[in-house]
Amino acid sequence: MTPLTQISGPAVPLMEANVNTDVIIRIERLSDFGRDELEPYAFEAWRFDESGAEIADFPLNQPHWKSAPILLAGPNFGCGSSREGAVWALNCLGIRVVIAPSFGGIFRNNCYQNGTLPIVLPTETVENFAKIAKTQPDAPFRVDLEAQVVIPPNGTPVPFEIDGLRKSGLSKGLDDLGLTAQQLPGIAAWQETDRALRPWIWLD
C-alpha cells in the first residue's frame with residue numbers, strides 16, 4: 001500500500017446517509033475489471049445517466065472535486081455487503097480519506113487494509129466541513145495522521161481518534177499481514193524457545 005501520513009486537497013461533500021457498497025461499486029464490475037480499472041464504475045448510477053453522460057450536479061462530476069482526495073460523507077457510509085472492491089473504487093477516484101459520523105463496520109476495516117483512512121467525527125463537525133467545502137470548493141483541507149487532526153481551510157484543527165496499530169499500518173503502508181510480518185523475528189525466537197521447553201507439542 002502507499003503510505004499515508006498527510007493528505008491535502010479539496011474535500012468533496014457527499015452527505016447522503018446509508019450509502020451502501022453496491023452504490024459505490026456494483027458487484028458485476030468486480031467480476032469484469034481489475035482493482036485498478038474501477039474508476040469509470042465508481043458511483044456509476046449516480047455519476048452517469050442512462051446514455052452514459054455525466055450528471056452535472058453530482059459532486060464528483062464537478063471540476064473542482066473530480067480529483068478530491070478527501071470525501072465528506074453522511075452517517076453509516078459503506079453499509080451493506082462486505083465487498084472490498086468498494087474501497088478499491090474510491091482509491092481509483094483518488095480518495096484516500098473518508099470523513100463521516102459513522103461507517104459500516106466491514107467497510108471501515110477494509111479501508112485500513114487498503115491504505116484509506118476512515119475518520120469518525122460528530123455529525124455537526126462533518127456538516128460544517130461540508131458547508132466550507134461548498135462555499136470554498138477549491139480550498140484545501142489537510143489531514144495529518146501523525147498529529148491526528150483534520151485542518152479545514154479556516155485553519156482550526158479538529159482532532160480525531162485512531163487505534164495505534166491502525167495508525168502504524170497506514171503510515172507505513174502495511175496491512176495486517178504486513179504488520180505481522182514485521183514481527184517474524186520475534187515469532188521465530190519464541191518458537192525456538194518454546195520448542196526447547198516443550199518439545200512434545202512440536203510435531204516436526
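Modeller: Two strands count as paired if DSSP finds at least two bridges between them, and helices (H or I, at least four residues) and strands (E, at least two) are DSSP runs numbered from the N terminus. This is a predicted model, in which local features need pLDDT of at least 70 and side-chain atom pairs count only at pLDDT 80 or more, whereas totals for chains, interfaces and linings use all residues. Residues are numbered from 1 along each chain as its sequence is written, and side-chain values use heavy atoms, with hydrogens and water left out.

Biologist: How many helices and strands does the secondary structure of the protein chain come to?

Modeller: Taken along the principal axes, the C-alpha atoms of the protein chain fill a box of roughly 70 × 45 × 25 Å. Among its contacts (heavy atoms within 4.5 Å) with a separation of 6 or more, 63% join residues 24 or more positions apart. The secondary structure of this chain comes to nine helices and eight strands.

Biologist: Which strands stand at the edges of the open sheet?

Modeller: The open sheet has four strands with parallel pairing, in the order β2-β3-β4-β5. The twist averages 20 degrees from one strand to the next, where angles run from 0 to 180 degrees between the N-to-C directions of axes fitted to C-alpha atoms, for helices over the stretch in contact. Two of the strands have a single partner each, so one side of each is left without a neighbour in the sheet, and these are β2 and β5 (117-120).

Biologist: Which residue in β4 stands opposite Leu71?

Modeller: On one side, β3 (residues 70-73) pairs with β2 (residues 11-14) in the parallel sense over four bridges, with Leu72 as the bridge partner of Pro13 and Ala73 opposite Leu14. β3 also pairs with β4 (residues 97-100) in the parallel sense, over three bridges. In that pairing, the residue opposite Leu71 is Val98.

Biologist: At roughly what angle do the axes of α4 and α5 cross?

Modeller: The contact is made by Ala86, Val87 and Leu90 of α4 together with Phe107, Asn110 and Cys111 of α5. The axes of α4 and α5 (residues 105-113) come within 9 Å and cross at roughly 55 degrees.

Biologist: How is Ile55 classed by its relative accessible area?

Modeller: Ile55 is found in the loop between α3 (44-47) and β3. Leaving aside neighbours within four places in sequence, Ile55 is in contact with Ala45, Trp46, Arg47, Phe48, Asp49 and Asn61. With a relative accessible area of 28%, Ile55 is partly exposed.

How values were computed. Buried < 20%, exposed > 50% of the residue type's maximum accessible area, 1.4 Å probe, protein only.
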